[in-house]
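I open this notebook to record what I looked up in the structure shown below. The entries follow the order of my reading.

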Amino acid sequence: MDFSEEQIKRYSRHIILPEVGGRGQKKLLKSKVFLVGAGGLGCPAAYYLAAAGVGKLGIADGDDVDHSNLQRQILHSTKDVGYPKALSAKATLEALNPDVEVVPFMHRLNSENIMDIIKDYDVILDGSDNFPTRYLVNDACVLLKKPLSHGSIFRFEGQVTTILPGEGPCYRCLFESPPPPGMVPSCQEAGVLGVLPGVIGVIQATEVIKLLLGKGQLLKGQLLLYNAFTMEFKKVKIRWNPQCPVCGENPTIKELVDYQEFCQVHF
Amino acid sequence: MSSITKKASSPSASGGLSPNKTINLKGEVCPYTFVKTKLALEEMSVGEVLEVIVDHEPAVENVPRSIQNEGQKVLAVEKLNDTGGATTWRLVIKKEKD
């Protein structure tokens, strides 16, 4: 494909970079990224992936936009309240960049549908806010050997890691199983600084872009911890666990699990 | 406005360098002069020579500098004696690195 005059302008700051160039930009335009959630993390991540010219973005979110989302979920506007988040996200992203095809999914992901939905995407970006989805996405990515960017946030703190099944640890190597329902407070109970998911979601998008380009160092086997209150970044090493129930030497999880919902309120 | 033309090896006014390809970037300004030069080189093979015509004066310094940073070789930078219109320059670049 040749770039149009508009594309040359739109992507010029990428093309100028020796690590991207026209070839890297074409790779991005041919890439497909699936975002789990169009919330605090998914919104900023998707916004930059669309701006970068990632050709196809699948976005799953079963919720409608609520006023309480607007403090951080930057794809949605006041006029979108009551409207499905996946559709609101699609409208904002396609307005930003017509080169991007956005495929919305308005059903919640579960063990029955996830494999089929994500199988044709190159990379998965998890911006979910609950443990059942997080474990479901991790396990599906391990079973399909899909690269996965994990991000999560709580109050003033966030964490990010990049999971490359077969090459490094997965989320279960870090935390083998979800905490019991009710033990971890949700965003609704705990609160979250609105700008925090912007930082974490954009770090996730950065990892995804480098993965797609095949350039740079990734957070493989590393958990990046960010504290917005003290303004500190820390990296901790995480190791592949040979006893991991899903990616270990003798995995016990060979089928996907639907864990019980922890909280009836979804974000 | 730019146009890209494939040239059969025609001997040029000086240097005797016969480009494999010529791009006319008259009317283009920085950074697009560099962006379009880089994109043209990406489509060429190592060893081939690209001729770039520009009329934006800063590009005469910027394009050779940036393209050298990418590992390509600048063979010639020449002012062309246009009759009438604005001054134009001719940059001759050899693709050294893919």
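Is A:Met231 buried or exposed? I find that A:Met231 counts as exposed, because it has 8 C-beta neighbours inside 10 Å. The classes I use are buried for 20 or more other C-beta atoms within 10 Å of a residue's own, exposed for 12 or fewer, and partly exposed in between, with C-beta atoms placed from the backbone.

I note that this is a predicted model, in which local features need pLDDT of at least 70 and side-chain atom pairs count only at pLDDT 80 or more, while totals for chains, interfaces and linings use all residues. Residues are numbered from 1 along each chain as its sequence is written, and chains are lettered from A and ligands numbered from 1 in the order in which they are written.

Entry on positive phi, chain A. A:Met231 has a phi of about 55° although it is not a glycine, and I place A:Met231 in the loop between strand S7 (222-227) and strand S8 (232-237). Helices (H or I, at least four residues) and strands (E, at least two) are DSSP runs, numbered from the N terminus. A:Arg155, also not a glycine, takes a positive phi of about 55° in the loop between strand S5 (148-154) and strand S6 (157-163) of chain A. A:Arg155 is partly exposed, with 15 other C-beta atoms within 10 Å.

Entry on helix H4 of chain A. Nine of the 11 residues of H4(A) (residues 42-52) are buried, so the helix is largely enclosed by the rest of the structure. Among the buried residues I list A:Cys43, A:Tyr47 and A:Leu49. Their cover includes strand S1 (32-36), strand S2 (56-60) and helix H10 (196-213) of chain A. Just after H4(A), A:Gly53 has a positive phi of about 85°.

Entry on the interface. Nine residues of chain A are in contact with nine residues of chain B; contact requires C-beta atoms, placed from the backbone, within 7 Å. Helix H2 (12-15) and helix H3 (21-29) of chain A each give two or more residues to this side of chain A, and H3(A) gives the most, with three residues. The model scores ipTM 0.85 and pTM 0.91.

Entry on chain B. I read its elements from the N terminus as β-β-α-β-α-β-β. Of its 98 residues, 33% count as buried. B:Cys30 and B:Pro31 are joined by a cis peptide bond with omega about 5°, and B:Pro31 sits in the loop between strand S2 (21-25) and helix H1 (32-42) of chain B.

Definitions and conventions. Contact = placed C-beta atoms within 7 Å.
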